[in-house]
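This briefing concerns a single protein chain and is arranged by topic. Please have the sequence and the model at hand while reading.

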Amino acid sequence: MSRKRPFANPGVNAAFDAFPRSVRADLLALRALIFEAAAHPAIGPLVETLKWGQPAYLPTTPRGAKLPRDKLKHCIQMELTYYVRLAA
């Protein structure tokens, strides 16, 4: 899994740069997992964009509800705890 996937959207890159250094690496790892999961045929390619100023991942072929990531910056510890539990 590559954690150095380039940003196609400069706004998303800026949003990640705005996160505290102490959690940025973990958020980039979470981003890599999102793209890895999207490689599954049931999900398909994603468009990485901003929704309400936060990174958002939308399938190129919409399939149901979108999951906003607007809580990411404000609930960083909760998100990382969830990520760690999923990865365990």
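What covers the buried residues of α1? The cover includes α2, β1 (46–51) and β2 (54–59). The model is a predicted one, in which local features need pLDDT of at least 70, side-chain atom pairs count only at pLDDT 80 or more, and totals for chains, interfaces and linings use all residues. Residues are numbered from 1 along each chain as its sequence is written, and side-chain values use heavy atoms, with hydrogens and water left out.

**Overall architecture**
- The protein chain has 3 helices and 2 strands; helices (H or I, at least four residues) and strands (E, at least two) are DSSP runs numbered from the N terminus.
- From the N terminus on, the order of elements is α-α-β-β-α.
- Of the 88 residues, 31% count as buried, where buried means under 20% relative accessible area, exposed over 50% and partly exposed in between (1.4 Å probe, protein chains only).
- Among contacts (heavy atoms within 4.5 Å) between residues at least 6 apart in sequence, 47% join residues at least 24 apart.

**Nonpolar core**
- The largest nonpolar core has 9 residues in all: Val12, Phe16, Phe19, Val23, Leu27, Phe35, Ala38, Leu46 and Tyr57.
- Such a core is a set of buried Ala, Val, Leu, Ile, Met, Phe, Trp, Tyr and Cys residues joined through side-chain atoms within 4.5 Å.
- The elements that give two or more residues to this core are α1 (10–18) and α2 (21–38), and α2 gives the most, with 4 residues.
- Leaving aside neighbours within four places in sequence, Leu46 is in contact with Ile34, Phe35, Ala38, Tyr57, Leu58, Pro59 and Thr60.

- Val12, Ala15 and Phe16 are the buried residues in α1.
- These residues lie on the same side of α1, because they cover an arc of only 95° around the axis, taken from the directions from the helix axis to the C-beta atoms.
- At the start of α1, a side-chain oxygen of Asn9 reaches to within 2.7 Å of the backbone nitrogen of Gly11.
- Helix α2 has 18 residues and reaches 26 Å from its first C-alpha to its last, close to the 26 Å expected at 1.5 Å a residue, the expected span being 1.5 Å times one less than the number of residues.

**Loop between the strands**
- Trp52 is found in the loop between β1 and β2 and is exposed, with a relative accessible area of 70%.
- Phi of Trp52 is near 55°, a positive value in a residue other than glycine.

Technical notes. Polar contact = N/O pair within 3.5 Å; in protein donor to acceptor, adjacent residues only side chain to side chain.
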